[in-house]
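Here is a short briefing on one protein chain. Look at the structure first, then work through the points below.

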Amino acid sequence: MLAKVLSSAVIGIDAYAVEVEVDIAAGLPVFNMVGLPETAVKESKDRVKSAIKNSGYSFPDDRITVNLAPADIKKEGTGFDLPIALGLLSATRVIDQAALDGYLVLGELSLDGRVKPVTGALSTALAARDAGYAGIIVPVDNAQEAAVVAGVAVIPVQTLCQATEFLRGLVAIAPHVSAAMQDFLPEEPADHDFAEVKGQEHVKRALEVAAAGGHNLLMVGPPGSGKTMLARRIPTILPALTFEEAIETTRIYSVAGLLQRGQALVRQRPFRSPHHTISDAGLIGGGHLPRPGEVSLAHNGVLFLDELPEFKKNVLEVLRQPLEDRQVTIARAASTLTYPCSFMLIGAMNPCPCGYLGDDRHECLCSRHQVTRYRSRISGPLLDRIDLHLEVPAVAYRDLMNGSPAEASAAIRNRVGAARALQSQRFARSKIYCNAQMGSRQIHAHCRITGAPRILLEQAIDRLGLSARAYNRILKIARTVADLAGESGIGAAHIAEAIQYRSLDRRS
């Protein structure tokens, strides 16, 4: 007897349909599985056998063959347990084959028949909707996540017995409706606020400019100057996640298995801060079983690299392509995976190995050679992709003791949101969403300068020794400064402020 059940697997963050074919034939009791299953998929036969028996059904003592088609793509994960079990029950005529048609089935089985959550349920729901399937059968813990996709019925099941009785028409299960889809409300970070930061007004201004234009930023300052504290508060001034951005981010977290139990959507902009001992595969993704890296987990959010020169040089160099293309492509012999990674890069570093170069309170013990070697750990091509270079001095004592409250994140976020709204109108007909993403054509169209601004920029390049690569960066930053001021043109004051954010481009 032959039965077919539709399931799915994930490549990158995209799901594709997998046809689970179950054939029971006369012969010695053997359970064979074909279709390039990896270890976790092969082990499903033991889970499926125990789950069927412990759910009160008979397991066939015949020759069983399970094929996972297409057979030329390697299958990974535990999500095939439930479709294999339902296929066996259909092949033994417990379930009518017609009842399985039109449903994508996904779920891991425990030995007692409970259906456990799996990764990639949101991607499966999107694939089912795009392919025109009637619905998907998923574990209860994945129902909130999958139900945010409109146009597909999500049937949550807790046990194999419940799924079987639903398909036999003995039990009615209402499709799950997600509150997140009906009324999406993004969450703002509540743990941090710029009102807690004492002093550093010019640094806050630079962070506001970076947030308004989506610019990458590097902070250079001595230990204890507040670089990490400031970086952790950047998500509080970024615009709230839109529903589309939340879907994109949630797909990545779903595939990575980082969604909390019962969580429907990621509602806050991600903030990822990996340790400097991270590998290149951990940063951009990959591994034996490819998984999204930190750059993808920071999609639509912030990637903060503290102590930037302490990262291995080969790890930093792999950032160049993701920063430029806003996606990561991982090539393997059998397939090529692509993960999105549109993020703000925030770096922090000391000015020298001891950390006190240029500090009035402490004496620097580093030689010129040590300072040059320390800074050379960050290559020119990577530095070229960082728009703002910001010097963060130590906080003065009078600022620490100042009792007056600083400006809150909500006020800064309002100005950032107004600037982003101007950019959305400006780039409405393109795939650009902020000033930092402008190419040469957009810079020429929207960053024209004449008169005093042009003379000022020319003098800065000649006298300060600014490189040619800094030219476009300065124009992008000046465009953002003008947007924050609500002005259509770029003035000399905007150019002057942008120039001071390129300190590392100046001659030593």
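What percentage of the 508 residues of the protein chain count as buried? The figure is 51%, where buried means under 20% relative accessible area, exposed means over 50%, and partly exposed lies in between (1.4 Å probe, protein chains only). This is a predicted model, in which local features need pLDDT of at least 70, side-chain atom pairs count only at pLDDT 80 or more, and totals for chains, interfaces and linings use all residues. Residues are numbered from 1 along each chain as its sequence is written, and side-chain values use heavy atoms, leaving out hydrogens and water.

**Overall picture**

- The protein chain has 23 helices and 18 strands. Helices (H or I, at least four residues) and strands (E, at least two) are DSSP runs, numbered from the N terminus.
- The C-alpha trace spans about 85 × 45 × 45 Å along its principal axes.
- Take the contacts between residues at least 6 apart in sequence: 74% of them join residues at least 24 apart. Contact means heavy atoms within 4.5 Å.

**The open sheet**

- Strands of a sheet pair through backbone hydrogen bonds, either parallel or antiparallel.
- Five strands form an open sheet in the order S11-S14-S17-S10-S18, with parallel pairing. Two strands pair if DSSP finds at least two bridges between them.
- S11 (271-272) and S18 (388-391) are the edge strands; each has a single partner strand, so one side of each lacks a neighbour in the sheet.
- S10 (residues 217-220) and S17 (residues 344-349) run parallel and are joined by four bridges. Leucine 218 sits opposite glycine 347 in S17.
- Helix H9 (residues 201-213) lies across S10, S17 and S18, and runs at about 165° to S18. Axes are lines fitted to C-alpha atoms, for helices over the stretch in contact, and angles run from 0 to 180 degrees between N-to-C directions.

**An antiparallel pair**

- S15 (residues 327-331) pairs with S16 in the antiparallel sense over five bridges. Alanine 331 is opposite threonine 336 in S16.
- In a regular strand the side chains alternate between the two faces of the sheet.

**An enclosed helix**

- In helix H3 (residues 81-91), 11 of the 11 residues are buried, so H3 is largely enclosed by the rest of the structure. Among them are Asp81, Pro83, Gly87 and Ser90.
- Arginine 93 follows H3 and has a positive phi, near 65°.

**Helices that pack together**

- Two packed helices are described by the angle between their axes and the distance between the axes.
- The axes of H21 (residues 452-463) and H23 (residues 492-499) come within 8 Å and cross at roughly 20°. That makes H21 roughly parallel to H23 (under 35 degrees is roughly parallel, over 145 roughly antiparallel, 65 to 115 roughly perpendicular, the rest oblique).
- Ala452, Pro453, Leu456, Leu457 and Ala460 of H21 meet Ala492, Ile495, Ala496 and Ile499 of H23.
- This contact of H21 with H23 has nine nonpolar residues, no polar and no charged. Ala, Val, Leu, Ile, Met, Phe, Trp, Tyr, Cys and Pro count as nonpolar, Asp, Glu, Lys and Arg as charged, and the others, Gly among them, as polar.
- H19 (residues 409-426) and H22 (residues 469-484) pack at about 115°, with axes 8 Å apart.
- The contact of H19 with H22 divides into four nonpolar, one polar and four charged residues.
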